[in-house]
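Let's take a walk through this protein together. Have the sequence and the 3D view ready, and we'll go step by step.

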Amino acid sequence: MVVQARLAPEIETELECSMSDSQVVNAAKSEALELLYADAAGIGICIECWAIHYGGVEPDAANYRCEVCGLLGVWGLEEALIAGFLD
Ligand SMILES: [Zn+2]
C-alpha cells in the first residue's frame, strides 16, 4: 500500500519539501514495527504527527484522539499495520 495516497495534496507537498519530516515518519514506523514484533502491549501510533503512544491504546483502536497533535490520528499498532500505515 502507498501511504501517501491518504494525504491531501498540500500535505504531500510539504513532506516532499522537508527531509526531516520524512525521516521522522520513517523513524516512527521503524519503532512501531519493532514494538509490534516485540509484542508490546497498549502501544499506538498517531498517523497525523507520528507520535508513538505508549500504553493504554487498544490493538484495534482507530482514529483515537492524539494528545500530542490533538487530531484523531491514533491507531493501535496492529490496526495501523493492517491498514497499511506502517508500510
Ligand atoms: Zn498526533
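We'll begin with the overall layout, then turn to the sheet, and end in the core.

Keep in mind that what you're looking at is a predicted model. The protein chain has 3 helices and 3 strands, and if you read along the sequence they come in the pattern α-α-β-β-β-α. The chain has 87 residues, and 21% of them count as buried. As for contacts between residues at least 6 apart in sequence, 34% of them join residues at least 24 apart.

Now find the strands. In what order do the 3 strands sit in the sheet? The order is E2-E1-E3, in an open sheet with antiparallel pairing. On average, neighbouring strands here are turned by 30° against each other, direction ignored. Zoom in on E1 (residues 43–46) and you'll see that E1 pairs with E2 over 3 bridges, in the antiparallel sense. Ile-43, for instance, has Tyr-54 in E2 as its bridge partner.

Next, the inside. The largest nonpolar core has 14 residues, and those touching the most other members are Ile-45, Cys-46, Ile-47, Trp-75 and Ala-80. E1, E3 and helix H3 (77–83) each bring at least two residues to this core, with E1 giving the most, at 3 residues.

Leaving out residues up to four places away in sequence, Trp-75 touches several residues, among them Gly-44, Ile-45, Ala-61, Ala-80 and Phe-85.

Technical notes
Residues are numbered from 1 along each chain as its sequence is written. This is a predicted model: local features need pLDDT of at least 70, side-chain atom pairs count only at pLDDT 80 or more; totals for chains, interfaces and linings use all residues. Two strands pair if DSSP finds at least two bridges between them. Helices (H or I, at least four residues) and strands (E, at least two) are DSSP runs, numbered from the N terminus. Axes are lines fitted to C-alpha atoms, for helices over the stretch in contact, and angles run from 0 to 180 degrees between N-to-C directions. A nonpolar core is a set of buried Ala, Val, Leu, Ile, Met, Phe, Trp, Tyr and Cys residues joined through C-beta atoms within 7 Å. A residue is buried if 20 or more other C-beta atoms lie within 10 Å of its own, exposed if 12 or fewer, and partly exposed in between; C-beta atoms are placed from the backbone. Two residues are in contact if their C-beta atoms, placed from the backbone, lie within 7 Å.
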